[in-house]
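Hi there,

Here is the structure I promised to pass on to you. Please have a look at it first, and then read on for my notes.

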Amino acid sequence: YNNRAYPQNLSLLKHLAEKRFELANLLGYENWADYVTADKMIGSAAKASDFISRIVEASGERAAREYRELLERKRKDAPDAAAVNRWESAYYTEIVSKENYSFDSQSVRPFFPYERVKQGVLDVMSGLFGVSFRQIENAPVWHEAVECWEMFENGELVGRFYLDMHPREGKYNHAAQFGIYTGVAGRRVPEAALVCNFPGGRADGEPGLLEYDEVSTFFHEFGHLLHTLFAGRGRWAGLGGIRTEWDFVEAPSQLLEEWTKDAATLQTFARHYQTDEPIPTELVTRMNRAGEFGKGLRVRQQMSYARLSLSIYDRAPETLDTDDLVKSISAEYSPFPVVENTHMQASFGHLDGYSAIYYTYMWSLVLAKDMFSVFDKNNLLAPDDAAARYRKAVLERGGAKPAECLVEAFLGR
């Protein structure tokens, strides 16, 4: 798996680095990393590097502790084991979750039939942001499985979106939100689509049971959708939709994931598909505790990708050896042994699309966690003004102001 597109893509990656370095120099920048960060919140490659280093330092002790826990569990199976290999990590993480945290990831699936989750997402967002949703039957769509929905506020149509949520042959196989029309006040409503690959109903009667991560993904992608729809009501098309700095784009969607960790929120829609029992609070507590395990290791892995992304583009390409970079960064950031004779960078598509700025995922998450601090954790569904202020200060503004100004307006600091 980590040799996909090897060796062909290594030369293509080197070519990308060379051309981007050349373009950055033509525009007066020392390297591509400096160029591509100049119009982001972070402002420079040096600040991106510092941010990555701070996260690496903060996660070190926890990652080491979690790795020891995995190794101790592996030694029950192989007493002489000296290490946990990367390809074993997911397996032993699941085992530790079951044995040490009393949680089996499959145990929550019966509470998440797709149709209930979908309605739950719509109901939660309706309550938070003061809008309503209505499905439009017989709307022109690109496939019979696609649904068309419209969003209303005080009886007025304010947005339209499409749900293309189940897999089929030839379809995009990830999960994403795509803008269709930005929207301009008084002229046309914004439109967008969610394209996901969640299980649907089956012929044997099982109603398409989602895993918890898929529920979280649904909320996440709906966060992008609402950002597009709420921001697409301004006078100028160029400022609407998700037109903020790239390293802020994920924050509104990551923020909404927090509601999926809340038992009271889940219990509004998560009911056992056979017994109609709401998901027990105690099960959600165990799920959250187990979900925290491995976070240090996951953060370290994300930061290794961020460092690789930055390092490929912060230097002259003639000095670039991506194999050496992958090995040295992996050895420094991860307790898992380096896997020899693999070349993950050959299929790491972010090195093309994101180029030097993979750090943006963690940067956005830090901002999302900070904005979430404003909400009442003891009652996330309370009809207070936090969601309304967040909608007005952040979502509706789109790219009308720098994201730093939007966040400061919401947080008051």
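Asn 154 is exposed, with a relative accessible area of 80% (exposed means over 50%, buried under 20%, and partly exposed in between, with a 1.4 Å probe and protein chains only). Asn 154 sits in the loop that joins β2 (147-153) to β3 (156-164), and its phi is positive, about 55°, although Asn 154 is not a glycine. Helices (H or I, at least four residues) and strands (E, at least two) are DSSP runs numbered from the N terminus.

Before going further, a word on the source: this is a predicted model, in which local features need pLDDT of at least 70 and side-chain atom pairs count only at pLDDT 80 or more, while totals for chains, interfaces and linings use all residues. Residues are numbered from 1 along each chain as its sequence is written, and side-chain values use heavy atoms, with hydrogens and water left out.

Ser 355 also has a positive phi, near 50°, in a residue other than glycine. Ser 355 belongs to the loop between α12 (350-353) and α13 (360-372) and is buried at a relative accessible area of 2%. Another backbone point is the peptide bond from Tyr 6 to Pro 7, which is cis with omega near 5°; Pro 7 is in the segment before α1.

Now to the salt bridges (a side-chain nitrogen of Lys or Arg within 4 Å of a carboxyl oxygen of Asp or Glu). The count by this rule is 28.

Which residue does Arg 391 meet in a salt bridge? Its partner is Glu 153, at 2.7 Å from N to O. Arg 391 lies in helix α14 (residues 386-395) and Glu 153 in strand β2, so the pair ties together parts that are 238 residues apart in sequence. Both ends count as buried: Arg 391 has 7% relative accessibility, and Glu 153 has 19%.

Arg 413 and Asp 370 form a salt bridge too, at 2.6 Å from N to O. This pair links distant parts of the chain, with Arg 413 in the segment after α15 (403-411) and Asp 370 in helix α13, 43 residues apart. Arg 413 is exposed at 55% relative accessible area, whereas Asp 370 is partly exposed at 27%.

Salt bridges with shared partners also join Arg 62, Glu 66, Glu 292 and Lys 295 into one network. Within it, the closest N and O atoms of Glu 66 and Arg 62 are 3.0 Å apart. These two residues are separated by about one helical turn, because they are four residues apart in helix α3. Glu 66 is buried, at 4%, and Arg 62 is partly exposed, at 28%.

Helix α3 (residues 45-77) also holds Arg 73, which is buried with a relative accessible area of 13%. Beyond its neighbours within four places in sequence, Arg 73 is in contact (heavy atoms within 4.5 Å) with Tyr 92, Ile 95, Val 96 and Glu 99.

Thr 260 is another residue to look at. Thr 260 lies in the loop between α7 (251-257) and α8 (263-266), and is buried with a relative accessible area of 0%. Not counting residues up to four places away in sequence, Thr 260 touches Tyr 212, Val 215, Ser 216, Phe 219, Leu 266 and Met 287.

Helix α5 (residues 114-129) has 16 residues and spans 23 Å from first C-alpha to last, close to the 22 Å expected at 1.5 Å a residue (the expected span being 1.5 Å times one less than the number of residues). Its buried residues include Tyr 114, Val 117, Leu 122 and Phe 129. Just after α5, Gly 130 takes a positive phi of about 70°.

Last, the cysteines. There are zero disulfides (pairs of cysteine sulfur atoms within 2.5 Å). The sulfur of Cys 148 is 16 Å from the closest cysteine sulfur, in Cys 196, too far for a bond. Cys 148 is buried at 3%, and Cys 405 is partly exposed at 37%.

Best wishes
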